[in-house]
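Hi everyone, thanks for coming. Let me show you what I've been looking at, and then we'll walk through it together.

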Amino acid sequence: MPITIAAFSGSLRRGSYNTALLQAAAGLMPEDSRIQIHSIAAFGLYNGDVEADEGIPPPVSALKDAIAAADGFLIATPEYNNSIPGVAKNAIDWLSRPPADIRRVFGGKPVAMVGASPGGFGTILSQNAWLPVWRTLGAELWTGAKLMVSGAAKVFDAQGSLVDERTRDSLRGFLQGYVEYVRDRQRP
Ligand SMILES: Cc1cc2nc3c(=O)[nH]c(=O)nc-3n(C[C@H](O)[C@H](O)[C@H](O)COP(=O)(O)O)c2cc1C
């Protein structure tokens, strides 16, 4: 069976390096696997009153179902102020509602993180800040490799193509290891 990885970028920016990283990943997936890139652009800010009055908004429910149905979940996270950007955290907060559904969506789900930044540290602090979130959701973070893309302005061209060969190789290797892990977990 082909492996399907649900993914989203934690940036809404048109020229987002993190979205570009996911698009590059889609072209470098190992055989018999694919990435479905989802958007969190239609998520409003989490508000308990909205949830109580209207329930889970349709774009949130749709992404919850997509993650639940996928074999794994990949997030491309920017770093803001040495931590998780609010937009990305807000998306995960919505996706974790209601608590009774967390297990269906994230429980035991093999999660991987990548991130890109124009700075020199490539989202390391943001990726570290996500760790308690995955633990709280009961997801299984794959820790076989790390991918922190620094100097993003040089690694991507103006069209968002990943033009740096070393980064492409690292991304290819990262995806290989992650998909192997996802596949191994499915073997009886
Ligand atoms: C509010 C804010 C805070 C930021 N803080 C950091 C930071 O702590 N570390 C970092 O590497 N880049 C930081 N940046 C720069 C982002 O890495 C950069 O804007 C990047 O392009 C965001 O990802 P994107 O291209 O996917 O939108 C910050 C940007 C913003 C807007």
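This is a predicted model: local features need pLDDT of at least 70, side-chain atom pairs count only at pLDDT 80 or more; totals for chains, interfaces and linings use all residues.

Let's start with threonine 123, which sits in the loop between strand 4 (110–116) and helix 6; helices (H or I, at least four residues) and strands (E, at least two) are DSSP runs, numbered from the N terminus. Residues are numbered from 1 along each chain as its sequence is written, and side-chain values use heavy atoms, leaving out hydrogens and water.

So, is threonine 123 buried or exposed? Threonine 123 is buried, as its relative accessible area is 1%; buried means under 20%, exposed over 50%, partly exposed in between, with a 1.4 Å probe and protein chains only. Not counting residues up to four places away in sequence, threonine 123 touches Thr77, Pro78, Glu79, Gly115, Ala116, Ser117 and Met148, where contact means heavy atoms within 4.5 Å.

Now the ligand. Residues around the ligand, with a heavy atom within 4 Å, include Pro78, Glu79 and Ser117. A polar side-chain atom of serine 16 is 2.6 Å from a ligand oxygen atom, and a polar backbone atom of tyrosine 17 is 2.9 Å from an oxygen atom of the ligand.

Finally, back to helix 6 (residues 124–137). Ala88, Lys89 and Ile92 of helix 4 meet Trp130, Val133, Trp134 and Leu137 of helix 6.

Key. A polar contact is a pair of N or O atoms within 3.5 Å; within protein, one must be able to donate a hydrogen and the other to accept it, and residues adjacent in sequence count only if both atoms are side-chain atoms.
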